[in-house]
Amino acid sequence: DGAALDPSCRASYLFNTTIAGIEDADAILLVGANPRWEAPLINTRIRKAWWHASKPLPIGLIGPRADLTYPLDYLGAGPQTLSDLAKGDHGFAKVLKDAERPMVMLGMGALTRPDGAAILHTVRAMAESFGMAGGAWNGFNVLHTAAARVAGLDLGFVPGAGGRDMAGILAGAEQGEVDFVYLLHADEFDTGRLGKAFVVYQGSHGDAGAHRADVILPGAAYTEKDGTWLNTEGRVQLAERAGFPPGEAREDWTILRALSDALGHRLPYDSLGQLRAAMIVQVPHLARIDRIAPAEWGAFGAEGVLGDAPFTTPIRDFYLTNPITRASRTMAECSALALAARAEATGTHG
């Protein structure tokens, strides 16, 4: 989604307090995040912290107005409010400075923008000046909306020297400079921007990427394969398959392994155990199952000019957020009912 994350510092893209640690925070700032839509269980933790707090828990929101099921202070819509807060020119700044365990949650609505790197830098600097980072308590949190994002960053799945990022790939495809694109379960972007590029799609559901593809390699759904997962806080989790993939579908790593052999660049593993061992060699904390590997604090983000546009939410439809839900009849019915309810409430139905 083009999020301006900085892989050079692991603390820059983790939910560092941990999800359970939300309950230890005594002041919370939400920036470009709607946890009720983006991560309901995290929103439940915030509500629990508010409900059981011995004194009122101050919660501030910068971004679209939202009913998050608990009282909060609406601070403003976008970067100007964030800038004022970071400089200490906003009343909520004193709340954060006076707190013993202040916490900020930075969402994709603030990072998937042209000024995302500057926003990341601004929030980092604010976290340091308000006592959110650098000590025993790290209250800097990034809320991810993509299931594989943290694992991909840990493994270094980012552009190398001279490589193209998401925006660069799409711009290159539109201009005819990129003539081949391999989509690995990638659907959450405008596939119309792929131009005339030859597209291979590997995935489990016939979503946007599959509709644009010239070749489809059917992969297994998450319930049909053993997997190593890292959640938004960086916790390593193992999953076992509940059933086998249908038809010609295969587990993703086996497809890539077979393709590497056909291309004459054979990958050096023949089993899932060998693959996991190779990952652990590169990223040792992947062996720490169901445990948190604390990340060292450092410099990240990039100084720059913050834009004027308000923050948005990356969730357009709560019930249709990924290829699996978009293929569900039940979720489609829920989406239609929610849309009808909103139209009734606003009087926009026709």
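**Entry 1: the second largest pocket**

How many nonpolar, polar and charged residues does the lining of the second largest pocket have? I found 7 nonpolar, 2 polar and 6 charged residues there. A reminder to myself: this is a predicted model, and the values below are computed from it.

For the volume of this pocket I noted about 330 Å³. I then looked at which of its 15 lining residues come closest to the centre, and wrote down Asn34, Arg36, Trp37, Ala66 and Asp67. Helix H1 (35–38) gives at least two residues to the lining, and helix H13 (329–346) likewise gives at least two.

**Entry 2: helix H6**

Next I went to H6, which runs over residues 116–129 and has 14 residues. From first C-alpha to last I get 20 Å, close to the 20 Å expected at 1.5 Å a residue.

Is H6 mostly covered or mostly open? Mostly covered: 10 of the 14 residues are buried. My list of the buried ones reads Gly116, Ala118, Ile119, Leu120, His121, Thr122, Val123, Arg124, Met126 and Ala127. I was pleased to see His121 and Arg124 among them.

What covers these buried residues? The cover includes S1, helix H3 (79–87), strand S4 (102–107), helix H5 (108–111) and strand S5 (140–143). After H6 comes glycine 131, with a positive phi near 75 degrees.

**Entry 3: helix H8**

I moved on to H8, residues 166–174, where the buried residues are Gly168, Leu170, Gly172 and Ala173. At the start of this helix, I saw a side-chain oxygen of aspartate 165 within 3.3 Å of the backbone nitrogen of alanine 167. Just after H8, glycine 176 has a positive phi of about 80 degrees.

**Entry 4: aspartate 154**

Aspartate 154 belongs to helix H7 (149–154). Is this aspartate buried or exposed? It is buried, because its relative accessibility is 11%, below the 20% cut-off.

Which side chain does the side chain of aspartate 154 meet in a polar contact? I found histidine 285, at 2.8 Å. Setting aside residues up to four places away in sequence, aspartate 154 touches Arg10, Tyr13, Leu230, Val283 and His285.

I stopped at threonine 18, in the segment before strand S1 (27–31). Its phi is near 70 degrees, a positive value in a residue other than glycine. Threonine 18 is buried, because its relative accessible area is 18% and the cut-off is 20%. The threonine 18 side chain reaches the backbone nitrogen of glycine 21 at 3.1 Å. Beyond residues up to four places away in sequence, I saw threonine 18 touching Glu233 and Ile292.

Aspartate 290 also went into this entry: its phi is positive, about 60 degrees, although it is not a glycine. I placed aspartate 290 in the loop between helix H11 (272–282) and helix H12 (323–326). Aspartate 290 is partly exposed, with a relative accessible area of 47%.

**Entry 5: arginine 326**

Arginine 326 sits in helix H12. I have it down as partly exposed, at 31% relative accessibility. Which glutamate side chain is joined to the side chain of arginine 326 by a polar contact? I found glutamate 188, at 2.6 Å.

Leaving aside neighbours within four places in sequence, I listed the contacts of arginine 326 as Asp187, Glu188, Asp207, Leu320 and Thr321. I also checked arginine 316, 10 residues away along the chain: its C-alpha and that of arginine 326 are separated by 12 Å.

**Entry 6: leucine 72**

My last stop was leucine 72, in the loop between strand S2 (59–62) and strand S3 (73–76). With a relative accessible area of 25%, leucine 72 is partly exposed. Not counting residues up to four places away in sequence, leucine 72 touches Ile59 and Leu61. Leucine 72 and isoleucine 28 are 44 residues apart along the chain, and I get 9.4 Å between their C-alpha atoms.

Methods:
Residues are numbered from 1 along each chain as its sequence is written. Side-chain values use heavy atoms; hydrogens and water are left out. Buried means under 20% relative accessible area, exposed over 50%, partly exposed in between (1.4 Å probe, protein chains only). Helices (H or I, at least four residues) and strands (E, at least two) are DSSP runs, numbered from the N terminus. A polar contact is a pair of N or O atoms within 3.5 Å; within protein, one must be able to donate a hydrogen and the other to accept it, and residues adjacent in sequence count only if both atoms are side-chain atoms. Contact means heavy atoms within 4.5 Å. On a 1 Å grid over the protein atoms alone, a cavity is a set of points where a 1.4 Å probe fits but cannot get out, and a pocket is an open set with protein on both sides within 12 Å along at least five of seven lines; lining residues have an atom within 4 Å of a point. Grid points are joined across faces, edges and corners, and a volume is the space filled by probe spheres set on the points. Ala, Val, Leu, Ile, Met, Phe, Trp, Tyr, Cys and Pro count as nonpolar, Asp, Glu, Lys and Arg as charged, and the others, Gly among them, as polar. The expected span of a helix is 1.5 Å times one less than its number of residues.
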